[in-house]
Amino acid sequence: MFYITFSGYYLSRHREKIPERKSHNYEIELCTTPNFQSVVDGELYNRAVGNIFFTKPGATRQTIGEFECYCLHFQCHDEDFCRKYLDQLPTQIFNIDTYKYTQCLKEFVFIHHRQLNEPSEENKLLRDAKLTTLILELYDVSRTQISSGESSKYANNIAVACQYINDHFKEPIGIDEIAKAAMLSPSFTYVIFKKVTGMT
């Protein structure tokens, strides 16, 4: 069902902009570096540790700053699955259970490399099942995230804010720290956070 063109850990040492490129695959990235940016089809996305980033074939991409990430580039040969799930996923940053997703992605990479070294039907089925799980989790999250009207413009900032809260929930943090992480003003963060998540 899937043809994997790349899976593994990627390190970029470009301090400025990486040259623009056209993607030929579906791409999933799990960021492990704080504070860098990606431009996809002219739209700017603020990236942070733990963000899951998804893009589709045909997207024009460029990254600004040094970064590291787990990444997976693949093609799908099941038209029904593509139409029902992959093509319904927006290019966006997802805020999901980072630990669980990291483990799933690491397991996928391990299984894929085992399949490359020891090709077998069992390894191929395990690999495809693991990738299907990753995609369906993104699909499920994308259907529950609110992103309409003005709030959609700030969904990435709020994803960063959510990750900051996740990472610092045991510390005494307030709106000022959260707003700084999201790169928004405190008053606007309060308003847009509620619009995007439905919570104060």
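Confidence first: I looked up pLDDT (the predictor's confidence in each residue, from 0 to 100), and its mean over the chain is 83, with 92% of the residues at 70 or more. This is a predicted model, in which local features need pLDDT of at least 70 and side-chain atom pairs count only at pLDDT 80 or more, while totals for chains, interfaces and linings use all residues. My numbering runs from 1 along each chain as its sequence is written, and side-chain values use heavy atoms, with hydrogens and water left out.

**Elements.** I get six helices and nine strands in the chain. These are DSSP runs numbered from the N terminus, where helices are H or I with at least four residues and strands are E with at least two. Which elements have the lowest and the highest mean pLDDT? Strand β9 (residues 92-94) has the lowest at 74, and strand β2 (residues 21-22) has the highest at 92.

**Overall shape.** The radius of gyration is 17 Å, against 16 Å from the globule rule for 200 residues, so I note the chain as being as compact as a globular protein of that length. For the record, that radius is taken over C-alpha atoms, and the rule is 2.2 Å times the number of residues to the power 0.38. Along the principal axes, the C-alpha atoms fill a box of roughly 55 × 35 × 35 Å.

**Burial and surface.** I count residues as buried under 20% relative accessible area, exposed over 50%, and partly exposed in between (1.4 Å probe, protein chains only). Of the 200 residues in the chain, 44% are buried. The accessible surface is about 10,800 Å², and carbon and sulfur atoms own 52% of that. The areas come from the Shrake-Rupley method with a 1.4 Å probe, and for residues only the protein chains shown count as cover.

**Contacts.** I take contact as heavy atoms within 4.5 Å. Looking at contacts between residues at least 6 apart in sequence, I find that 74% join residues at least 24 apart.

**Charges.** I have 22 positive and 25 negative side chains, with the centres of the two sets 2 Å apart. Lys and Arg are the positives, Asp and Glu the negatives, and His and the chain ends are not counted. Each charge is placed at NZ of Lys, CZ of Arg, CG of Asp or CD of Glu.

**Asn-25.** Next I went to the loop between β2 and β3 (26-31), where Asn-25 lies. Is Asn-25 buried or exposed? At 11% relative accessibility, Asn-25 counts as buried. Beyond its neighbours within four places in sequence, I see Asn-25 in contact with Thr-5, Thr-55, Lys-56, Pro-57, His-73, Phe-74 and Gln-75. Phe-188 is 163 residues from Asn-25 in sequence and 36 Å away, C-alpha to C-alpha.

**Positive phi.** Asp-41 has phi near 50°, a positive value in a residue other than glycine. I place Asp-41 in the loop between β4 (36-40) and β5 (43-47), and with 55% relative accessibility it counts as exposed. Met-183 also goes on this page, with a positive phi near 60°. Met-183 sits in the loop between α5 (175-182) and α6 (186-197).

**Helix residues.** His-113 belongs to helix α2 (residues 98-117) and is partly exposed, at 35% relative accessible area. Between the C-alpha atoms of His-113 and Ser-7 I read 8.5 Å, for 106 residues in sequence. Ala-129, in helix α3 (residues 121-144), is partly exposed too, at 42%. Its C-alpha is 9.8 Å from that of Met-1, 128 residues away along the chain. What does Tyr-164 touch, not counting residues up to four places away in sequence? I list Ile-173, Glu-177, Ile-178 and Ala-181. From Tyr-164 to Phe-81, 83 residues apart along the chain, the C-alpha separation is 34 Å.
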